[in-house]
Amino acid sequence: MRKKRRRGPQKGKAAAALFVCFALVGAGLAVVTQDAAVSPEVSPGEETSLAASSDTLTFLPEGTSSQMVSRGGSGYSRDPESLSAANPFLENMIKMALPGVGAAEIPEPPSSGAVSEPKPEPELPVQGAGPVEKEPAPVIKEPEIPQVAVVDSQGSKDPLVLIYHTHATESYQPYEEGNFHIVSEEGTVRDAGNILAAALEAKGIPVLHDKTLHDNPSYNQSYSRSLDTLNGLLAKYPSITTVIDLHRDAAAYSGNNPRTFTAPDGTVAAQYSLVVGTGNDNLEQLLDFAARINGKAEEMYPGFARDIIRKDYKFNQYKKDQYILLELGNNQNTIEQVRASAAYFAEVMAAVLKGTE
C-alpha cells in the first residue's frame with residue numbers, strides 16, 4: 001500500500017502563491033513587470049496591450065522602478081499605494097500565502113540595467129556651409145570727444161590766422177608763481193589763446209595756434225626766438241594773412257589794478273590793448289588795422305578797447321600788415337575774466353576780417 005507523501009513547507013507556499021495569482025487574475029487585477037520601463041507618456045491603450053502581452057505577472061512593492069497597471073475599474077493606475085488601499089483583499093491574500101512576509105518586504109526583481117539620461121542630439125552642419133564659427137563680440141567704440149581744430153603748430157592745413165606767444169609763460173590770477181610766469185598752460189596767455197582760436201574757428205575762420213615757449217628758460221632774446229618760429233610757420237603756411245602775438249600787460253603800469261569792463265550781457269571781462277611798433281616800415285598799415293579793430297570793438301562792446309600803444313620797437317610786425325601785438329588784461333585780472341575777453345575779441349576779429357574779404 002503506497003503511503004501518501006506529505007507536502008513540504010516550500011511546496012505549500014508555492015501552491016498558495018499560485019492560488020493567489022489565479023485569484024487575482026480572476027478578480028481582474030494584474031501587476032506587469034517589463035524589461036524596459038514604460039514611458040510616462042504611454043497612453044492607457046498602450047499600457048493595456050503591454051499588460052496583455054506580458055509573460056510574467058509579479059507582485060511588486062511600493063517604490064520599485066517597474067510600472068504597475070490596474071485593469072479594473074474605470075481608469076488606469078500606476079500607484080502601488082492606490083492598489084493596496086483599494087484592494088485590501090490583495091494584502092490579506094499575500095500574508096496568507098506567505099506568512100511572515102509583508103508587502104513592503106517582497107524582493108524587487110533583478111534590474112535589466114540603469115536607465116541612462118537621454119543625450120542631446122548633436123547639431124548637424126548646414127549643407128554646403130563651412131565650419132561653424134562663433135560670431136565675434138561687437139567692438140564698442142569709445143565716443144569721440146570733440147576737440148578744437150587748432151591746438152598747436154600742426155593743427156590746420158590752410159590757416160588764415162596765426163596765434164602765437166613771444167612771452168608764452170605770462171599768467172593771470174590766481175596763477176602767480178614765478179612772478180606770474182609759469183610753464184604749465186592753464187591760467188596763462190596760452191589758455192586765453194585756446195579760447196580765442198576756438199571762437200574764431202566757430203566763426204568759420206581757420207586758425208593756427210602755436211604754443212612754443214620762447215621765454216623759457218630765458219626771458220632774454222624772446223623776440224628773436226619767436227621770430228624764428230614765425231618765419232618757419234609763414235613759410236610752411238602761406239595762407240596766413242593775419243598774425244596775433246598774444247600777451248598780457250603788467251599791472252604795475254596801471255596802478256596794480258585789474259583792467260575790466262562790463263559786457264552788454266552783464267559779464268565782467270578784461271579789457272585789451274593793442275601795441276604797435278613804430279620802427280616798422282609798414283607802420284601805416286599796422287596802425288590802420290589796429291584802428292579798424294578798436295572801432296569795431298567800441299561798436300560791439302563799448303569800453304572793451306583801450307588806446308593804441310605806440311613803442312619804438314619792431315616786435316616782428318614788419319612780417320605782415322595785419323599783425324597785432326594783443327595784450328588781454330594784466331596780471332591782476334583773473335583767468336576767468338581773460339577767457340571771457342578772448343571770446344569777445346574773437347567776435348570783433350571775425351567782424352573785421354570778414355569785412356575785408
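Modeller: Let's start with a word you'll need: a pocket is an open set of grid points with protein on both sides within 12 Å along at least five of seven lines, and its lining residues have an atom within 4 Å of a point. Keep in mind that this is a predicted model.

Biologist: Okay! What volume does the largest pocket have, and how many residues line it?

Modeller: The volume of the largest pocket is about 410 Å³. Its lining has 18 residues, and Arg248, Asp249, Tyr253, Lys311 and Glu327 are the ones nearest the centre.

Biologist: What sort of residues make up that lining?

Modeller: Sort them by type and you get nine nonpolar, three polar and six charged.

Biologist: Which strands supply residues to the lining?

Modeller: Look at strand E3 (242–249), strand E7 (305–311) and strand E8 (323–330): each gives at least two residues to the lining of the largest pocket. E3 gives the most, with three.

Biologist: And how do strands pair in a sheet?

Modeller: Here's the general idea: strands pair through backbone hydrogen bonds, and they do so either parallel or antiparallel. In this model, six strands make an open sheet with mixed pairing, and the order is E2-E1-E3-E8-E6-E7.

Biologist: Which strands stand at the edges?

Modeller: Those are strand E2 (207–209) and E7; each has a single partner strand, so one side of each has no neighbour in the sheet. From one strand to the next, the twist averages 25°.

Biologist: Can we zoom in on a pair? How many bridges join E1 to E3?

Modeller: Four bridges link strand E1 (residues 161–164) to E3, and the two run parallel.

Biologist: What does Ser222 touch, leaving out residues up to four places away in sequence?

Modeller: Ser222 touches Thr166, His167, His214 and Asp215. Check Ala168 too: Ser222 and Ala168 are 54 residues apart in sequence, and their C-alpha atoms are 9.7 Å apart in space.

Definitions and conventions
Residues are numbered from 1 along each chain as its sequence is written. This is a predicted model: local features need pLDDT of at least 70, side-chain atom pairs count only at pLDDT 80 or more; totals for chains, interfaces and linings use all residues. Side-chain values use heavy atoms; hydrogens and water are left out. Contact means heavy atoms within 4.5 Å. On a 1 Å grid over the protein atoms alone, a cavity is a set of points where a 1.4 Å probe fits but cannot get out, and a pocket is an open set with protein on both sides within 12 Å along at least five of seven lines; lining residues have an atom within 4 Å of a point. Grid points are joined across faces, edges and corners, and a volume is the space filled by probe spheres set on the points. Ala, Val, Leu, Ile, Met, Phe, Trp, Tyr, Cys and Pro count as nonpolar, Asp, Glu, Lys and Arg as charged, and the others, Gly among them, as polar. Two strands pair if DSSP finds at least two bridges between them. Axes are lines fitted to C-alpha atoms, for helices over the stretch in contact, and angles run from 0 to 180 degrees between N-to-C directions.
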